[in-house]
Amino acid sequence: MSSLSRELVFLILQFLDEEKFKETVHKLEQESGFFFNMKYFEDEVHNGNWDEVERYLSGFTKVDDNRYSMKIFFEIRKQKYLEALDKHDRSKAVEILVKDLKVFATFNEELFKEITQLLTLENFRYAYNS
């Protein structure tokens, strides 16, 4: 992207922000891929909006781009999984395990087995925190 294009996108972002088009701002940040709004990302993490956290992040990096990307995507998905377990929503936890976390099994099979075993526990906190 040319310097002029970047400047134009920044001006558009500034305008959209001033006019309170918050969702549009974050969508343009994500689609342009060169302005990462850390405050927005932190707010979404703090609010536990894991799908939005992952969607926003995927505008800047993909799971398999590098080991740091892989690590952050793993941590996001693991958090979703642990929250489902904490709510005793086993079906949601299994769905996350199969759909979201299975991709990481090839990189660390032992860790994947460990988190899979959490499904069998009545209260995973005792096992996970020890």
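**View 1. Thr61 and its contacts in the predicted model.** Leaving aside neighbours within four places in sequence, Thr61 is in contact with Ser69 and Phe73. With Ser69, the side chain of Thr61 also makes a polar contact of 2.4 Å.

View 2. Look for Thr61 in the loop that runs between helix 4 (50-57) and helix 5 (67-86). Is Thr61 buried or exposed? Its relative accessible area is 13%, and because buried means under 20%, Thr61 counts as buried.

**View 3. The helices of the protein.** Now step back to the whole chain. How many helices and strands does the protein have? Its secondary structure consists of eight helices and zero strands. Read from the N terminus on, the elements follow the order α-α-α-α-α-α-α-α. The radius of gyration is 18 Å, well over the 14 Å that the globule rule gives for 130 residues, so the protein is more spread out than a compact globule. Along the principal axes, the C-alpha atoms fill a box of roughly 55 × 30 × 25 Å.

View 4. Of the 130 residues, 35% count as buried. The accessible surface comes to about 8,800 Å², and 54% of this belongs to carbon and sulfur atoms. Among contacts between residues at least 6 apart in sequence, 44% join residues at least 24 apart.

**View 5. Charged side chains.** Here you can pick out 19 positive and 25 negative side chains. The centres of these two sets lie 3 Å apart.

Terms used. Residues numbered from 1 in each chain as written. Predicted model: local features only at pLDDT ≥ 70, side-chain atom pairs only at ≥ 80, totals over all residues. Heavy atoms only, no water. Helix = DSSP H or I, 4+ residues; strand = E, 2+ residues; numbered from the N terminus. Rg over C-alpha atoms; globule rule 2.2 N^0.38 Å. Buried < 20%, exposed > 50% of the residue type's maximum accessible area, 1.4 Å probe, protein only. Contact = heavy atoms within 4.5 Å. Areas by Shrake-Rupley, 256 points an atom, 1.4 Å probe, with all protein chains shown as cover. Lys, Arg positive; Asp, Glu negative; His and termini not counted. Charge placed at Lys NZ, Arg CZ, Asp CG, Glu CD. Polar contact = N/O pair within 3.5 Å; in protein donor to acceptor, adjacent residues only side chain to side chain.
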